[in-house]
Amino acid sequence: MNTRATANIGVVGLAVMGSNLARNLASREGNTVAVYNRTRERTDELVSRHPEAGLVAAASIDDFVASLARPRTAIVMVRAGAGTDAVVDQLAERFEPGDIIVDGGNADFQDTIAREKRLAPTGVHFVGVGISGGEEGALNGPSIMPGGSAESYRTLGPVLASIAAVAEGEPCVTHVGTDGAGHFVKMIHNGIEYADMQLIGEAYDLLRTVGGLRPHAIADVFAEWNKGPLESYLIEITAEILRQADPATGQPFVDVVLDQAGSKGTGVWTVQNALDLGVPVGGIAEAVFARSVSGRSAQRAAVRRVITSRPEVRKADDTFVQDVAAALYASKVVAYAQGFDAIVAGAEKYGWDLRKDRIARIWRGGCIIRARFLNRIAEAYTENPHITTLLEAPYFAWAVAEGEAAWRRVVATAALSGVPAPGFGAALSYYDSLAAERLPAALIQGQRDFFGAHTYRRVDRQGVFHTEWSGSRTEITMGTAAH
Ligand code: NBP
């Protein structure tokens, strides 16, 4: 084993993500990569399978640290939580001021903030980095969302840029903000991913149930959509999945897979944090809930047992496929608008100077939500970083208005046909809520004041008011502050 400080970067944790990232790093000019894994066999297997990478294998954490040139930079790619803490502690004990520990796992951004705080007095930089793109991205170029200090990014930035995906000539990496900003933005990325996948699922279901199309025909529709404004990685792989036949039965692959979707929890985190931040992310929440509903097999079976009839499926008209495309696009705009709202709220709460246009740009390549659409988002935020929602950006206002009638037809058809479309429906309701002149929130304020004296404000006068509901029903001015 090598104990000379020959490596400019190291990777700890050599399961699929760490191995691929190490190989990606090693394939770039100028990098020598040290590798270490708790269980020795993984290190040996990686090194023997990929002699071309010239990896510097370490048998122990001491060996690993000794193999890194100063300032030492180690990327930790282990299971988030206790595993990350264990490895970070081992490195921190051995690292010196100016050295950098990068956590490239899917950490909770609050843990990242806490870890950075914990290491700050030691002078060791702790950098939480969101990495998206799965194993393929890690090997060939992921989208990278680094947090941490500006100082550490000066060392780390060029290395990350060398391994990131490239979209339209630009590496998909930017210093998104300090401490936990990278993991926060990655979390929101995953929330948007949930929404995008759910909307695509609903589009498929409608084309099949109402449109009467077979999976291979829907694959053709998706392939066609992938040539236009909906072009994205998720649309592309959906076409491939729908074209797949099950080798064992000859049935469409999609028909032999159990219809219960799993998750690893980042969608839930997005919704939990959005609730804490007070940001409505209904499109993302419905996507998370839809996966939960799919797994409730006992309830699904029970309801199917008691219902005596289902609505008759509407007949699709000639424009149905285009209508579904328009509904998908408009609902997608809502999901992204909500995701960016959560980013803005997080930045305000945690003091991050996030650039929305740059975040949209680094998501154009390498990651699961990569899409042509993100260029439009980047343009909208470049043109005016102060827009209150993506839905007011001229391009999206126009695009949603163009598809609005179709969007309504699709949501109505889904409801009348008994096809669940929680993503499309929630997105349209959100849009209508923003667009409504008056909302029933006025009545809710009346109810709150009636049962709890929570007070209300008026449309015609300044001040805070309460009506004596149980007595004279006269209105009392309570003061000037809102409750
Ligand atoms: P896993 O998340 O399956 O983690 C396995 C690795 O963690 C192994 O190297 C294992 O070492 C190590 N490890 C554990 Br578990 N506990 C440890 C401990 N106490 N001390 C030291 N090492 C420990 O690997 P992965 O799927 O490659 O993902 C790595 C990270 O990247 C995760 O945080 C994941 O959430 C994130 N991520 C994954 C994807 C993806 O598509 N898979 C995408 C983006 C980000 P061992 O070999 O000794 O058990």
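Let me start at the ligand: one of its oxygen atoms sits 2.7 Å from a side-chain N or O atom of N37. Keep in mind that this is a predicted model.

For R42, a side-chain N or O atom is 2.6 Å from a ligand oxygen. For T39, a polar side-chain atom and an oxygen atom of the ligand are 2.5 Å apart. As for cover, the ligand taken alone exposes 900 Å², and 79% of that is buried by the protein.

Now the wider shell. The ligand is surrounded by 20 residues. N37, T39 and R42 are among the closest, and M17 and V78 belong to that group too. Sorted by class, the shell has 10 nonpolar residues, 7 polar ones and 3 charged ones.

Which helix gives the most to this shell? That is α4, with 3 residues. Helix α4 covers 82-94, and α1 covers 16-26; each of the two supplies at least two shell residues.

Is N375 buried or exposed? Its relative accessibility is 13%, and buried means under 20%, so N375 counts as buried.

What does N375 touch, once neighbours within four places in sequence are left aside? The contacts are E168 and R364. With E168 there is a polar contact, side chain to side chain, at 2.7 Å.

Terms used. Residues are numbered from 1 along each chain as its sequence is written. This is a predicted model: local features need pLDDT of at least 70, side-chain atom pairs count only at pLDDT 80 or more; totals for chains, interfaces and linings use all residues. Side-chain values use heavy atoms; hydrogens and water are left out. A residue is near a molecule or strand if one of its heavy atoms lies within 4 Å of it. A polar contact is a pair of N or O atoms within 3.5 Å; within protein, one must be able to donate a hydrogen and the other to accept it, and residues adjacent in sequence count only if both atoms are side-chain atoms. Accessible areas come from the Shrake-Rupley method with a 1.4 Å probe; for residues, only the protein chains shown count as cover. Helices (H or I, at least four residues) and strands (E, at least two) are DSSP runs, numbered from the N terminus. Ala, Val, Leu, Ile, Met, Phe, Trp, Tyr, Cys and Pro count as nonpolar, Asp, Glu, Lys and Arg as charged, and the others, Gly among them, as polar. Buried means under 20% relative accessible area, exposed over 50%, partly exposed in between (1.4 Å probe, protein chains only). Contact means heavy atoms within 4.5 Å.
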